[in-house]
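Okay, thanks for coming, everyone.

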Amino acid sequence: MCLGVPGEVLSIETGANGLPMGKVSFGGMRKDVVLAYLPEVEVGDYVLVHVGFAISRIDPEEAERTMALLQELGDLALLERDLKAVQHLEVDDAR
Amino acid sequence: MTSSADLTTAAVGPAESTALDGDLPCPIPLDRYPRVLMAHGGGGRLTQQLIQEMLVPRFSNPHLAELHDGAVLAVEGNRLAMSTDSFVVSPLFFPGGDIGELAVNGTVNDLAMCGARPRYLSLGFILEEGLPMETLWQVVRSVERAAQRARVSVVTGDTKVIERSRQDGLYLNTTGIGFVPDGVEIAPRRAQPGDTVLISGAIAVHGTAVMSVREGLEFETTLASDTAPLADLVGALLSAVGSRVHVLRDPTRGGVAAALNEIAGSVGLGIELDEAAVPVWPDVLGACEILGLDPLYVANEGKFLALVAADAADAAVSLMREDPLGREAAVIGHVVDEHPGRVVLHSRVGGRRMLDLLSGEQLPRIC
Amino acid sequence: MSFRDPLLVQNVVGALGTALPRGGRGYKIMHVCGSHEHTISRWGLRSLLPQGLEVIAGPGCPVCVCPAHEVGEAIELVRRGVTVATFGDMLNLPTRFGSLAQAKAEGGDVRLIYSPMDAARLAQRNPDREVVLFAVGFETTAAPVAAVLGAGELPDNFSLLVSHRLTPPAMELLLGIGDIHIDGFIAPGHVSTITGSDAWRRFPEAYAMPVVVAGFEPEDILLAMLLLVRQLNRGEAKLENEYARVVPDAGNRPALAAIEEVFEVTPAWWRGIGRIPRSGLRPRRELAHRDARERFGIRFEADLSDLPPGCSCHLVMLGKAYPPACPLYGKKCTPSSPYGPCMVSQEGTCFIWFTYESDELSATAAGGAK
Ligand code: SF4
């Protein structure tokens, strides 16, 4: 329901309206984003942006963990295939 | 009545006129669409509905039936291509171009998509009272430069002024005429199963550049519109690959998705598109993501789609890549017998889905 | 390695195939988020799911659930000469009052904005016009709107027509109905950045419903489904957070505080579903001058028959029926000519079925049915 896009914080300043603002890059395209809801955010962080507001900081360690899990699933599949292949071989040998 | 077999005169007057002409009800459901909406000009389904249900049946003739970017007319042994287009872009000046340049390139490119060498252009201005004279001058200068670059002459024109309604109102219409060289035959009906679909470069650049300066959407980018005259590149392609080029189309409003749907729809063949092969720049993708747009539906200028015989695809791509306007040319799909009239996309991650027309222009969304 | 990788997607799809019990009745999973639906359709994920695993869309589109009478209020404001600023999604929503696009075509001033900040700026630039932000969306959008509403110096000519909705109460209602057959829930990731994953904690406990908070990459959705399948296989019902890189357990406290400061919770109508207690927001009394309903004295009555006659959106939104089961689907109701609300938004379930799911087979099935 809510379009959120990750981008990198390039700079932080106080906007004309008194709100903390940041320049955020989305693949090179830059937009001014309100940072009021992420008081601890720092330059270089990746944040999730919805309707011009950063609503969450992206945790690189958690991202890593998800990525690792996704890769493991592949390794697991390979392992299973190998296991099956070995079982086949054993069956063949038994014949 | 004119005989519809006589191609040179068939384009005049309604074909199936009846005594009851005056009583014909409007074919658009008036309870749903009592008034014209912006979406009727967005290049999506509502535009299609207007063309297919209101316009084409009234003026039916073989030229119109081609539903091509322009018409190719046989005139005393020559083949003449004719095309018209109106320009209402806002703002008038945007990164990489302006309405004047667009008005020349847009029509010149529609002629090129018929395989024609563009020659003559008409120029119609509709101006709002109050428009700064300097703005008009800038646009005129820009038309001049673009016409020079595209080697077309502006041979007739018109100027009208309407009462002020919004700021900076300036609209342009151009009609172009060009000649189709012998042996060249470009038309949707020439599409064949097995044809390869090519794109001449990265997509969605123009639409994104214009959006970056629209009120309310502004973002910072180095993107500039890619508007450019394509006739030379098309000419080179045609002389190298010749009759194995079957269809050409510039994916302007409605983007690649609309253009491919129109082709598939008009010939009753299917098109398979490989998303991973479609060139999109990262900053274009970034802009599209943040606004919730799909680059496949975003307008292009200075790019074209070509359907070529499969055995000519490699030659066509390498030839296009030698030209600065075609440096990122790529094979992005092919024509199939299956799912006639529809475009199926193979997503980057391996899934399949229909790539359909939207109802109107794609709007920025929040969800 | 990054997301949107065919190999990673293949990994999860493979694991799903292995995890799914053979010969059973299969699993039906519901998400309640338009952007999840968008990810699923955009990447063609349904075409990758193993047989026996189904994912359906619940009421997760703030456009589809926005009741006709509230859109009517916005249209009424436009007809009274007020400038209404809203998000692109709202423009074409049909109601018995017409649509905002039609009100615009009649000469009204409707502006599309990207951010609620743009609406305030619009008011600043046009001091001689009344400017109203038609604020729709769930918690995720309510938080930015709260920041705008709470800002110190707002132009006098600026007010808001608030139609925000809260997600957990709707999910609660859905589960309370009892006769919908769902095996697991994918909870909306971006709502959860605000509410925290904790907002969903009571669902596994109270309704024995497995819940996984998921992100919006194709891998995220598939992984969430895998986690649900594994829970189901083990007979468990717990809350898991697949989107921990973005969603903290406790949510975004400054955002929650900002919402709390300017809004109060109120019962609200959901189109096609009805009135749900404590599921909407309205400006607090102190901000009545910023509340367009107070300022312009408009308040349309909710209408029980909120859907056009014959439209089955209420069944579609509750996951009780697929769009092709609606007799109007693909006939009187298409994306070019939407009849019911689910066909309007790009994330409406009927729109998405028509656009993405109707491959050559299901297109004939849908078109040929009835
Ligand atoms: S197809 Fe149209 S009428 Fe039927 S349920 Fe969907 S939106 Fe309603």
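Let's start with C:R42, which sits over the face of C:W43, 4.3 Å from the ring centre. For that I count NZ of Lys or CZ of Arg within 6 Å of the ring centre and within 35 degrees of the ring normal.

Quick housekeeping: this is a predicted model, where local features need pLDDT of at least 70 and side-chain atom pairs count only at pLDDT 80 or more, while totals for chains, interfaces and linings use all residues. Residues are numbered from 1 along each chain as its sequence is written, chains are lettered from A and ligands numbered from 1 in the order in which they are written, and side-chain values use heavy atoms, with hydrogens and water left out.

Now, ring on ring. Over all chains there are six aromatic pairs. Rings of Phe, Tyr and Trp (its six-membered ring) pair if their centres lie within 6.5 Å, and planes under 30 degrees apart are stacked, over 60 edge-to-face, the rest tilted. One of the pairs is C:F138 with C:W270, stacked at 5.9 Å centre to centre and 25° between the planes. What does that pair tie together? C:F138 is in the loop between strand 5 (131–137) and helix 6 (139–150) of chain C, and C:W270 is in strand 10 (residues 263–270) of chain C, so the pair links parts 132 residues apart in sequence. Those elements are DSSP runs numbered from the N terminus: helices are H or I, at least four residues, and strands E, at least two.

C:F138 is buried, at 0% relative accessible area, and C:W270 is buried at 1%. Buried is under 20%, exposed over 50%, partly exposed in between, with a 1.4 Å probe and protein chains only. Elsewhere, C:W200, C:F203 and C:Y207 make one aromatic cluster.

On to cysteines. The search finds one disulfide over all chains, using a cut-off of sulfur atoms within 2.5 Å. C:C313 and C:C342 form it, with their sulfurs 2.5 Å apart. C:C313 lies in helix 13 (residues 313–317) of chain C and C:C342 in the loop between helix 13 and helix 14 (349–357), so parts 29 residues apart in sequence are tied together. Both C:C313 and C:C342 are buried.
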